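Here is a short tour of one protein chain, written to be read with the model open beside you. Please keep the viewer handy and click along as the residues come up.

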Amino acid sequence: MTDTKILIVEDDADINRILARIMKMQGYETVSAFSGSEAELRLFPNAGGTISKEYDLILLDLMLPGVMGEELVQKIRKKSDVPVIVISAKTALEDKVLVLNAGADDYLVKPFEKEEVIARVNGALRRYRRLSGGQGAKSGAAALANGNGRALEDGEAVQRRAAEPEQPGKPLCYKNLTLYPEAREAQVCGKMLSLTGHEFDILELLLQNPAKVYSRESLYEQIWQGGYYGEDNTVNVHVSNLRKKIAAADGEEYIKTVWGIGFKMA
């Protein structure tokens, strides 16, 4: 048994129990919430609004009693970068786009396959642990996020970084875009981009090999570190969001779609 703890937010008792059983088979500890209100109380137990660092990942339904799943995603992303995987009966593209824009890391449609849930959870946990130095939600650093899901440091760390004249690490440059891998920051025309973790990882991968075309399958497997399931629209949504954020700072094209294959730097 690992010390990984997963919060399962699902109002259907049978589905909640099935997900808990699947996660426990992988050695994960689980906590169940059966409404959005109950999940909110577990995630924000203190009056000050700080989020609990007890959970390493959240499995979240959208259609919940009390607080809806979309609202929970937004509240979580204002306080934490903990992985959130939505599992919902909503199949419309606009529903997926809405919740991914709000900061969810992944989206699975019911009915789900056990193997796919396991692959998505394991991939999200690997990425989260890699970004947090192997400690996940229980690391000493307070991983906060703004409304766009970009990780922020605590006030003391921000002041310390502001006093530093140069960004650490060798930057990746392309046109008017500069990316700082160690600081996990990106600027276009001198303007800071507010990127989610996945958006930053996609941009960094593309910049490492600007002439290379990455298939959607390759991007998904490398960024989400899980199996690609063909019809998944997650990559397209994140690339679209990335393009919009860059375009807001610079009208020039940066990411090109190679039809029938994938994406590369323009």
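Is Leu57 buried or exposed? At 0% relative accessibility, Leu57 counts as buried, because buried is the word for anything under 20% relative accessible area, while exposed means over 50% and partly exposed covers the range in between (1.4 Å probe, protein chains only). Before going further, please note that this is a predicted model, in which local features need pLDDT of at least 70, side-chain atom pairs count only at pLDDT 80 or more, and totals for chains, interfaces and linings use all residues. Residues are numbered from 1 along each chain as its sequence is written, and side-chain values use heavy atoms, with hydrogens and water left out.

Leu57 belongs to strand β3, which covers residues 57–60. Helices (H or I, at least four residues) and strands (E, at least two) are DSSP runs, numbered from the N terminus. Leaving aside residues up to four places away in sequence, Leu57 touches Lys5, Ile6, Leu7, Val82, Pro83, Ile85, Val121, Ala124 and Leu125; contact here means heavy atoms within 4.5 Å. Tyr128 is 71 residues from Leu57 along the chain, and their C-alpha atoms are separated by 9.0 Å.

## The chain as a whole

Nine helices and 14 strands are found in the chain. Of its 266 residues, 50% are buried. Taking contacts between residues at least 6 apart in sequence, 62% join residues at least 24 apart.

The chain exposes about 12400 Å², and carbon and sulfur atoms supply 51% of that area. Accessible areas come from the Shrake-Rupley method with a 1.4 Å probe; for residues, only the protein chains shown count as cover.

## Helix α3 and its buried face

Which residues of α3 are buried? They are Gly69, Glu70, Leu72, Val73, Ile76 and Arg77. Seen down the axis of α3, these buried residues fall within an arc of 160 degrees, so they line one face of the helix. The arc is that of the directions from the helix axis to the C-beta atoms.

Glu70, in helix α3, is buried with a relative accessible area of 15%. Its side chain joins that of Lys90 through a polar contact of 3.0 Å. A polar contact is a pair of N or O atoms within 3.5 Å; within protein, one must be able to donate a hydrogen and the other to accept it, and residues adjacent in sequence count only if both atoms are side-chain atoms. Setting aside residues up to four places away in sequence, Glu70 touches Leu62, Lys90 and Leu98. Arg77 also sits in α3, which spans residues 69–77, and is buried at a relative accessible area of 3%. A polar atom of the Arg77 side chain lies 2.8 Å from the backbone oxygen of Val82. The C-alpha atoms of Arg77 and Ala102 are separated by 7.8 Å, with the two residues 25 apart along the chain.

## Two helix pairs

Two packed helices are described by the angle between their axes and the distance between the axes. Axes are lines fitted to C-alpha atoms, for helices over the stretch in contact, and angles run from 0 to 180 degrees between N-to-C directions. Helix α2 (residues 36–43) packs with α3 at an angle of about 10 degrees, their axes 10 Å apart. That makes α2 roughly parallel to α3; angles under 35 degrees count as roughly parallel, over 145 as roughly antiparallel, 65 to 115 as roughly perpendicular and the rest as oblique. At this meeting, Gly36, Ala39, Glu40 and Leu43 come from α2, and Leu72, Lys75 and Ile76 from α3.

For α8 (residues 216–223) and α9 (residues 234–247), the axes come within 9 Å and cross at roughly 85 degrees. These two helices, α8 and α9, are therefore roughly perpendicular to each other. Arg216, Leu219 and Tyr220 in α8 meet Thr234, Val235 and Asn236 in α9.

## Backbone details in the loops

The peptide bond from Lys110 to Pro111 is cis, with omega near -5 degrees. Pro111 is in the loop between β5 (106–109) and α5 (114–131).

Arg184, a residue other than glycine, has a positive phi near 55 degrees. Arg184 lies in the loop between β9 (177–180) and β10 (185–188) and is partly exposed at 27% relative accessible area. Cys189 likewise has a positive phi, about 55 degrees, although it is not a glycine. Cys189 is found in the loop between β10 and β11 (191–192), and at 40% relative accessibility Cys189 counts as partly exposed.
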